[in-house]
Amino acid sequence: LNSIARSQVRALLPSGMTELLEVFPILRQVHGVGKRNFGERTTDPRERRSRAFAGLRDLLSNIAERKRLVIAIDDLQWSDVDSTVLLSNLERGPNAPGMLLVGSYRSEDTESPVISALQRAATPDIDLRKISLSPLSPEESQELAVALLGDGPKSAERTKMMTIAQEVGGSPLLLAEIARHLQDVAESGGLANTDISLEGVLSRRLDKLPPDALGLLRTIAAIGRPVDPEFVMKAARISSAQDKMQLLASAYMVNLHHGEKDTVEVFHQRLREAVIDALPPESLLEIQKNIATSVDESDEQDPELMLDIALATGSAKTLHYLLEAAEQARQCLAFERAAELYKAALELSESDESTDLRYKLAEVLCLAGHGQEAAAHYLALAEKSKGFAQLDLIRRAADNLLWTGHIEEGLKPVSYT
């Protein structure tokens with residue numbers, strides 16, 4: 001959208017932009033959108049979500065009418081139920097945008113909600129194709145190894161490379177890592193007595209890192225997910241470490257992602273495992289304690305990110321971030337995610353907090369369309385209430401049951417003592 005003129009952008013924008021910006025605030029970065037006011041939003045959360053989904057559908061349809069539209073989504077297996085509902089909404093009806101959707105996911109994660117939904121989506125109007133990107137065969141691994149080595153190492157070294165090509169499990173990334181290491185060692189004349197197993201290669205590369213860079217890498221590996229580089233430096237107790245972060249990136253040990261929020265993660269899972277396995281238990285525990293302390297002290301504005309780290313490290317602020325993430329999900333109209341987070345918070349909460357949490361959980365379950373489950377929570381709250389508050393909770397329970405088709409159950413008289 002930023003590649004076309006502002007006047008053309010305005011022509012593409014759909015009705016429902018106010019609600020669409022709630023779900024996708026990044027669209028504020030599109031020129032012609034910015035801080036522009038698109039009108040008052042409706043107060044009904046379900047209606048806002050419906051308008052947001054319709055707005056995205058119309059926006060993509062408008063783009064597709066003018067240009068070929070390709071949407072690529074990596075790591076589909078991490079998508080949640082709310083994303084599944086959104087994608088399903090895009091696919092249905094006569095006004096569905098004409099587009100190519102390319103999604104990648106790990107073969108072992110086919111039970112993910114969004115992947116299951118996409119696999120069921122095949123209709124005469126939707127051409128669904130699955131392409132398996134299998135590991136390299138032994139022959140392909142050896143062919144790539146020869147190409148990567150070029151004219152460097154001699155025949156003896158090439159023989160070793162062929163032997164360990166099997167070890168990388170058909171991963172071209174790991175094969176390239178070993179080839180790069182072989183070339184470095186061969187140039188120094190030390191290949192004869194060098195361990196060129198994958199573990200040996202990774203261990204040798206870790207040993208060559210400066211202490212601060214190694215500390216950063218260990219912290220990133222212990223966190224185990226994309227994270228703000230500034231948070232990593234704080235957790236690793238290293239200040240002004242941008243040069244070390246760039247060193248790790250240039251050495252293909254971490255991936256730095258630049259965008260609305262910069263993140264960093266370990267370059268490959270096998271490298272992360274090697275880093276963690278090389279740590280003595282007491283050192284790993286110390287790193288985790290430092291991460292947990294940094295979570296407790298953080299004013300990071302991304303509660304989902306901090307929640308993942310808090311859960312992994314046992315931070316005392318886990319409940320705090322659960323509640324913040326739940327509220328953020330609710331504000332973004334991700335009602336399924338909000339319900340999931342409120343349930344987790346309810347399990348951790350003290351008894352004096354549980355009433356308010358159960359009420360919020362019942363509300364988002366209602367908004368997500370789980371009326372029967374919402375009703376059960378309203379009735380549980382009603383048992384502990386009196387007077388008009390109790391009557392209101394019973395009414396809400398009945399409304400949810402009737403609205404979701406549980407007529408007989410919703411009409412039953414309920415007595416409380």
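This is a predicted model: local features need pLDDT of at least 70, side-chain atom pairs count only at pLDDT 80 or more; totals for chains, interfaces and linings use all residues.
User: How many helices and strands does the protein have, and what makes a run count as one?
Analyst: The protein has 21 helices and four strands. Both are DSSP runs numbered from the N terminus, with helices (H or I) needing at least four residues and strands (E) at least two.

User: Why is Ser 294 called buried?
Analyst: Buried means under 20% relative accessible area, exposed means over 50%, and partly exposed lies in between (1.4 Å probe, protein chains only). Ser 294 has a relative accessible area of 0%, so Ser 294 is buried. This residue is found in helix H14, residues 281–297.

User: What does Ser 294 touch?
Analyst: Leaving out residues up to four places away in sequence, Ser 294 touches Phe 231, Lys 234, Ala 235 and Arg 237. A contact here means heavy atoms within 4.5 Å.

User: And which label does Pro 172 get, and why?
Analyst: Pro 172 has 41% relative accessibility, so Pro 172 counts as partly exposed. Its place is in helix H8, residues 172–188. Not counting residues up to four places away in sequence, Pro 172 touches Leu 136 and Leu 144. Leu 136 is 36 residues from Pro 172 in sequence, and their C-alpha atoms are 7.4 Å apart.

User: What makes H3 and H4 oblique to each other?
Analyst: Two packed helices are described by the angle between their axes and the distance between the axes. Helix H3 (residues 45–66) and helix H4 (residues 81–91) pack at about 50 degrees, with axes 9 Å apart. The axes are lines fitted to C-alpha atoms, for helices over the stretch in contact, and angles run from 0 to 180 degrees between N-to-C directions. Angles under 35 degrees count as roughly parallel, over 145 as roughly antiparallel, 65 to 115 as roughly perpendicular, and the rest as oblique. The angle of about 50 degrees therefore makes H3 and H4 oblique to each other.

User: Which residues make that contact, and how do they divide by class?
Analyst: From H3 come Arg 49, Phe 53, Leu 56, Arg 57 and Leu 60, and from H4 come Asp 82, Val 85, Leu 86, Asn 89 and Leu 90. By class, the contact of H3 with H4 has six nonpolar, one polar and three charged residues. Ala, Val, Leu, Ile, Met, Phe, Trp, Tyr, Cys and Pro count as nonpolar, Asp, Glu, Lys and Arg as charged, and the others, Gly among them, as polar.

User: Which residues of H4 are buried, and what covers them?
Analyst: Asp 82, Thr 84, Leu 86, Leu 87, Ser 88 and Leu 90 are the buried residues of H4. Their cover includes H3, strand S2 (100–103), helix H5 (113–119) and helix H17 (335–348).

User: Why do Arg 330 and Glu 363 count as a salt bridge?
Analyst: A salt bridge is a side-chain nitrogen of Lys or Arg within 4 Å of a carboxyl oxygen of Asp or Glu. The closest N and O atoms of Arg 330 and Glu 363 are 3.0 Å apart, and the two form a salt bridge. Arg 330 lies in helix H16 (residues 318–331) and Glu 363 in helix H18 (residues 351–367), so the pair ties together parts that are 33 residues apart in sequence. Glu 363 is partly exposed, with a relative accessible area of 21%.

User: What about Lys 360 and Asp 356?
Analyst: Their side chains meet in a salt bridge, 3.5 Å from N to O. Both Lys 360 and Asp 356 lie in helix H18, four residues apart, about one turn of the helix.

User: How many salt bridges does the structure hold?
Analyst: The structure holds 15 salt bridges.

Technical notes. Residues are numbered from 1 along each chain as its sequence is written. Side-chain values use heavy atoms; hydrogens and water are left out.
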